[in-house]
Amino acid sequence: MTQNVQVNGSYWLQTAPGGAPRPALAEDLDVDVAVIGAGVAGLSAAWELARAGRSVAVLEAGRVAAGVTGYTSAKLTVQHTLVYDRLRRTRGAEGARLYARSQSEAIEHAAGIVAELGIDCEWETRDAYTYVRAPDRVDEVRAEADAAREAGLPASFVTETGLPFPVAGAVRVTGQAQFHPLKYLRALAADLEARGGLIFEDTVVHGLDEGTPCRVSTGTGASVTARDVVVATHYPVFDRALLFARLSPRRELVVAGTVGADRDIDGMYITPEQNTRSVRTAPLDEAGRRLLIVTGEHFTPGTGDTRERFERLAAWADEYFPGVERTHAWATQDIDPTDTVPMVGPLHPGAHHTYVATGFGGWGLSGGIMAGRLLTAQVTGEECAWSGLYDPRRLRTAVREAPSLLKTQAEVARHFVGDRLRPAPPVDSLPPGEGAVVRAGGDRLAVYRNEEGTLHAVSPRCTHLGCLVDFNAAERAWECPCHGSRFGTDGKVIEGPATKPLEQRDI
Ligand SMILES: Cc1cc2nc3c(=O)[nH]c(=O)nc-3n(C[C@H](O)[C@H](O)[C@H](O)COP(=O)(O)OP(=O)(O)OC[C@H]3O[C@@H](n4cnc5c(N)ncnc54)[C@H](O)[C@@H]3O)c2cc1C
Ligand code: FES
């Protein structure tokens with residue numbers, strides 16, 4: 001599996017037929033709620049709101065569930081690596097309990113939807129494990145097992161797992177799930193439309209006027225008037241509360257390949273060691289073969305060599321699952337909040353009818369389903385026990401975790417200044433298929449040389465806040481290390497928070 005990993009796209013997106021593209025928003029519209037973004041968070045919110053009797057329009061820049069949600073590992077678990085011990089320390093026992101309850105309730109709710117709508121999404125019940133192999137880290141998983149149990153979860157400390165290597169210790173949480181996220185979400189989207197909800201694809205939202213009602217303007221020229229607006233664009237594209245200062249992007253790689261039925265691992269696994277390794281399998285065919293899905297090697301976008309990281313991840317899969325036939329490799333990124341808990345609730349301190357869901361920290365499937373429920377309760381005026389825990393306006397706890405906030409900002413400052421001092425190679429040194437920030441005529445240019453040798457130049461200044469982008473050769477994209485914006489080799493935005501393309505330059 002190790003030689004020359006080629007990034008060839010997500011298994012989920014390739015195995016759930018998307019159907020014909022939905023139309024873009026062509027004329028002005030008036031609805032109760034406009035939802036921006038059709039990932040797991042936006043679609044879950046839209047579906048819950050439609051079920052609660054609201055008229056809903058979903059505005060999606062690309063296609064349904066083809067953002068981060070289309071590239072996940074798709075574990076639906078309340079076990080989020082080592083979160084409960086951290087929450088017990090920072091939010092107290094009650095905060096940890098509310099987190100556990102909100103995430104458990106989301107997974108049970110999703111299971112109920114699967115049964116109610118009869119969705120065939122390869123739902124499998126599995127135990128979830130966070131393991132360590134280093135004996136000096138066993139205390140961490142013991143503490144996590146204690147904290148998770150105290151938070152009300154079926155958690156225990158174990159030393160035996162279904163992995164093909166020994167572990168020093170693990171936390172096991174029983175009765176969690178894994179599924180095919182695209183099959184689930186495409187069925188949810190179809191049911192939303194059957195309930196009268198509207199979904200527009202290829203519709204980039206670029207303006208939000210908060211008023212009574214709110215007005216959302218789009219790149220097609222048409223706009224939506226709505227009493228309430230949910231911003232579920234992963235990184236919030238409207239950010240009056242400057243949430244970006246409390247969020248940091250983390251890119252992660254995935255390799256997947258076929259293993260025989262006898263090689264299943266009877267569980268879902270993750271370790272914080274080795275820069276994260278996460279493993280699950282998915283059903284493949286009637287012969288019982290499984291798709292082994294290995295995730296890890298996280299990094300800040302726009303830093304370091306992604307090809308080497310892919311090779312390391314594939315080598316790990318080879319070492320522990322010899323004979324695995326690699327079929328897929330892909331990558332995606334999530335956003336870590338500086339104080340551990342996702343931000344779901346009012347968009348800013350003065351917001352009355354605008355809401356946000358972001359900062360899922362690598363666990364936005366249960367988190368996105370939870371966010372859909374929580375935002376629906378807020379729009380419809382119902383009480384929800386965990387509103388306060390997830391409230392994006394919670395500056396008090398953010399300040400308590402000030403060291404990680406300061407670290408995030410120091411990193412941004414380091415990139416903003418330091419990357420400008422980086423030596424820039426001459427353009428002639430660029431081989432085909434490579435890109436780099438080069439110096440030309442006293443200016444810096446982000447230059448990509450395609451396989452035919454043609455040069456494409458854009459400005460290296462990220463259109464979000466001006467940090468310099470760097471080239472990710474494995475995925476052929478420009479990436480910004482400050483807040484994770486990504487751009488194609490032609491400068492077009494692939495992923496925000498930037499909303500404008502990199503400026504074209506002549507070379
Ligand atoms: C490698 C990896 C593995 C993961 N595995 C798991 C896992 O096993 N379990 C788990 O719970 N979580 C997992 N996660 C996290 C989870 O996948 C994410 O947290 C979740 O998918 C985020 O969903 P979202 O709806 O917020 O974002 P997205 O799915 O990205 O949806 C946002 C949507 O908004 C659209 N959009 C953006 N800007 C605009 C605009 N201006 N106008 C209109 N639309 C716009 C985008 O096109 C996109 O479709 C993983 C993350 C990574 C990186
Ligand atoms: S993403 Fe913020 S400066 Fe680039």
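## Cavity

The largest cavity holds about 40 Å³ of space. A cavity here is a set of points, on a 1 Å grid over the protein atoms alone, where a 1.4 Å probe fits but cannot get out; points are joined across faces, edges and corners, and the volume is the space filled by probe spheres set on them. The structure, a predicted model, has one cavity of 30 Å³ or more.

The lining of the largest cavity consists of Gly18, Arg22, Arg63, Val64, Arg186 and Glu201, where lining residues have an atom within 4 Å of a point. By class, this lining comprises four charged residues, one polar and one nonpolar (Asp, Glu, Lys and Arg count as charged; Ala, Val, Leu, Ile, Met, Phe, Trp, Tyr, Cys and Pro as nonpolar; the others, Gly among them, as polar).

## Ligand shell

Around ligand 1 there are 35 residues, of which Glu60, Thr69, Lys75, Asp334 and Leu365 come nearest (a residue counts if one of its heavy atoms lies within 4 Å). The shell divides into 16 nonpolar, 15 polar and four charged residues. Helices H2 (40-51) and H7 (364-380) and strands S11 (247-259) and S15 (325-337) each supply at least two shell residues (DSSP runs numbered from the N terminus: helices, H or I, of at least four residues; strands, E, of at least two).

## Backbone contacts and cover

A backbone N or O atom of Ala41 lies 3.1 Å from an oxygen atom of ligand 1. For Ser73, a backbone N or O atom is 3.1 Å from a nitrogen atom of ligand 1, and Gly362 likewise has a backbone N or O atom 3.1 Å from a nitrogen atom of the ligand. Of the 1000 Å² of accessible area that ligand 1 has on its own, the protein covers 93% (Shrake-Rupley method, 1.4 Å probe).

## Conventions

Residues are numbered from 1 along each chain as its sequence is written, with chains lettered from A and ligands numbered from 1 in the order in which they are written. In this predicted model local features need pLDDT of at least 70, side-chain atom pairs count only at pLDDT 80 or more, and totals for chains, interfaces and linings use all residues, while side-chain values use heavy atoms, leaving out hydrogens and water.

Terms used:
1 Å grid on protein atoms, 1.4 Å probe; cavity = no way out; pocket = protein on both sides within 12 Å on 5 of 7 lines; lining within 4 Å. Polar contact = N/O pair within 3.5 Å; in protein donor to acceptor, adjacent residues only side chain to side chain.
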